Amino acid sequence: MRKRTLGTASALTLMLGLAGCTNTKSTSEVTTEATAEVSTEAVTTKDEETKAPEKTTEVKDTSEVTEEATTKEEATEDTSEDVTEDETTLETDTSEDAPTEEVPTTVIGQVEESTEAPTEAPTEAPTEASTEAPTEAPTEAPTQAPVFDGNLHGRDIRVVNWYEGDEEMEPRNQYEMDRWTYTNKIQKDHNFTIHFDNIGGWGESYTLQISSSITAGEPIGQVMELDSAWVAGFMNNAMLVPLDTLPSLDLTNPKWNTGVLEATRINGHIYGISAGHEPRGGIFFNKRLLQEAGYGADDLYDFQKNGTWTWSKFEEVLKACTRDRDGDGQVDTWGMVNFAPDYYSIAVYASGAQYVTKDANGHFVSQMNSKEVLEALSWANDMWQKYAEPQPADTDWDYFKACFNRGEAAMRVTEEYAKAEISYILEDDWGFVMFPCRDGGQLIAVEKESVFAIPSSYGPVEANEIAYAFDLYTNPVPGYENSDVWKEDYRPMYEDSRAVDETLHRMRYGLIVNRMHPFVTGFDDVIDYYFFESMATGMETPAEAINARKSAVKKLIKNQNATLDAAPTAADFTWNQYK
């Protein structure tokens, strides 16, 4: 489903305690006043916790899972050596979190020039249900399909989010008129209403409203939009309906984002969905500075189109744009200026590497110690040290925004939604391309989708009807199934058509990787702002930064897997446990 906003903010971790969750700062909102230090052995929790309302039930945090927690499959002990930049071959972490067989790739293949929606959805709904499940389902087992005739009997479907509600707006074009007609038709034909409500807040203030309402048996929304970093906390506490058990949902439909399906697949069941692909990580570039460095204004688009937009070409452009313009021995314009967490992470994912993957059993596996992650971080760090504009004295953490908008750097690596910080502010002409690929590789779109879920307060009949309505709403408008009409929402914010028709098109229909690490509770508290800043400032090499946090990451993943292993399967799931 096309997002109803320019994009979501960067990930926060949902740490559900007695009151629901504790708040962590978005990496895009880290202030200079932050003084927290990263523990190299374990994740620290906040000193203060809020008291839960009387009606709420205790919610478990993965940090409370002991190392003695029973897992379904024991792994081997960690015998890997610390990583070094000098190693030519570096084995993937052989800790007890490492897979015992080949890890499935998380990159989704799709023909680049296709004008049709992605078709990478699985051919079958996941069936890896626990072998320990009883052979006969209980009376309210979700595997027993409710009898349903498509009549929702006046059900009101409230979809909650933190950024935008329904607004009375006149249709701006024929598509919006047809969308309005279709939405009204399905509501009339199936006897339901659906609306989107902004319940306010971000992080703790948002997730606390949701978790408290679920435990009280009165969910604030029938469908909830969640940032990917919040999903694990809800799954850990059995607050989400296993969507693959609902007869009204066909999760093999290509409209569903398969990266989200895989990330939310636990014990063979899927707890979150998202329709479509939202363009995310890429590079904004200043056309004037490129021309002054000897390139054409649109050369980066040409490199992207002809397959030469690689690490080597990126460095060539960075070097040419890092210039002493007046001959005083000081650099006047830089190759790039960035927020360190955005830059390093996009570089890793665009290389095809992942911080976290899943093994064949659905367990999370750390790849922080892998050769691919170290290579990508080492290369990215080398580019930063040579060509990135350093933070000027007496400036705030977000100095990079003003520096780019003043024309001091040729490129800025960030999320696509940052166009709102550039459009109408940067006086020079600008464009947007994907992050370059490894030499000899292919360009990979880096995405981070919001997740939609249904509270487990509802029984199977109610959940099936809610899912039916949401499925109808997310279907393409008849006549627009293979249309590029989605591009019209982006055009007003871009100065040239190539950004939309080439870059955003390729991000939507080309090779795509979905960031898996936010689905591990607490991961962003360890691999956080200070992890990336320590490399950017030269305090640690990439190998040193990884090794310093290796044990903490290992413990996080072990606890997350143990918690999810203990989660109910479809056969023993208590659907209305909070009702």
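In this predicted model, helix H9 meets helix H14 through Leu377, Asn381, Trp384 and Gln385 on the H9 side and Phe531, Met535 and Ala536 on the H14 side. By class, this contact comprises 5 nonpolar and 2 polar residues, with no charged residue. Helix H14 also packs with helix H15, and Asn381 of H9 touches residues that include Met535 and Pro542.

**Helix H9 with helix H14**

- The axes of H9 and H14 come within 9 Å and cross at roughly 55°.

**Asn381 in helix H9**

- Asn381 is part of helix H9, which spans residues 371–387.
- Asn381 counts as buried because its relative accessibility is 11%, and the cut-off for a buried residue is under 20%.
- Leaving aside residues up to four places away in sequence, Asn381 touches Tyr344, Met535, Ala536 and Pro542.
- The C-alpha atom of Asn381 is separated by 9.8 Å from that of Ala347, a residue 34 positions apart from Asn381 along the chain.

**Helix H14 with helix H15**

- Helix H14 covers residues 529–536 and helix H15 covers residues 542–565.
- These two helices pack at an angle of about 155°, and their axes are 9 Å apart.
- H14 and H15 are therefore roughly antiparallel to each other, since an angle over 145 degrees is counted in that way.
- The crossing in which H14 passes H15 is right-handed.

**The chain as a whole**

- The protein chain contains 15 helices and 15 strands.
- Of the 579 residues in the protein chain, 57% are buried.
- Among contacts between residues at least 6 apart in sequence, 80% join residues at least 24 apart.
- The protein chain exposes about 24,200 Å², of which carbon and sulfur atoms supply 47%.

Note on methods:
Residues are numbered from 1 along each chain as its sequence is written. This is a predicted model: local features need pLDDT of at least 70, side-chain atom pairs count only at pLDDT 80 or more; totals for chains, interfaces and linings use all residues. Side-chain values use heavy atoms; hydrogens and water are left out. Helices (H or I, at least four residues) and strands (E, at least two) are DSSP runs, numbered from the N terminus. Buried means under 20% relative accessible area, exposed over 50%, partly exposed in between (1.4 Å probe, protein chains only). Contact means heavy atoms within 4.5 Å. Accessible areas come from the Shrake-Rupley method with a 1.4 Å probe; for residues, only the protein chains shown count as cover. Axes are lines fitted to C-alpha atoms, for helices over the stretch in contact, and angles run from 0 to 180 degrees between N-to-C directions. Angles under 35 degrees count as roughly parallel, over 145 as roughly antiparallel, 65 to 115 as roughly perpendicular and the rest as oblique. A crossing is left-handed if the near helix is turned anticlockwise from the far one by less than a right angle, and right-handed if clockwise. Ala, Val, Leu, Ile, Met, Phe, Trp, Tyr, Cys and Pro count as nonpolar, Asp, Glu, Lys and Arg as charged, and the others, Gly among them, as polar.
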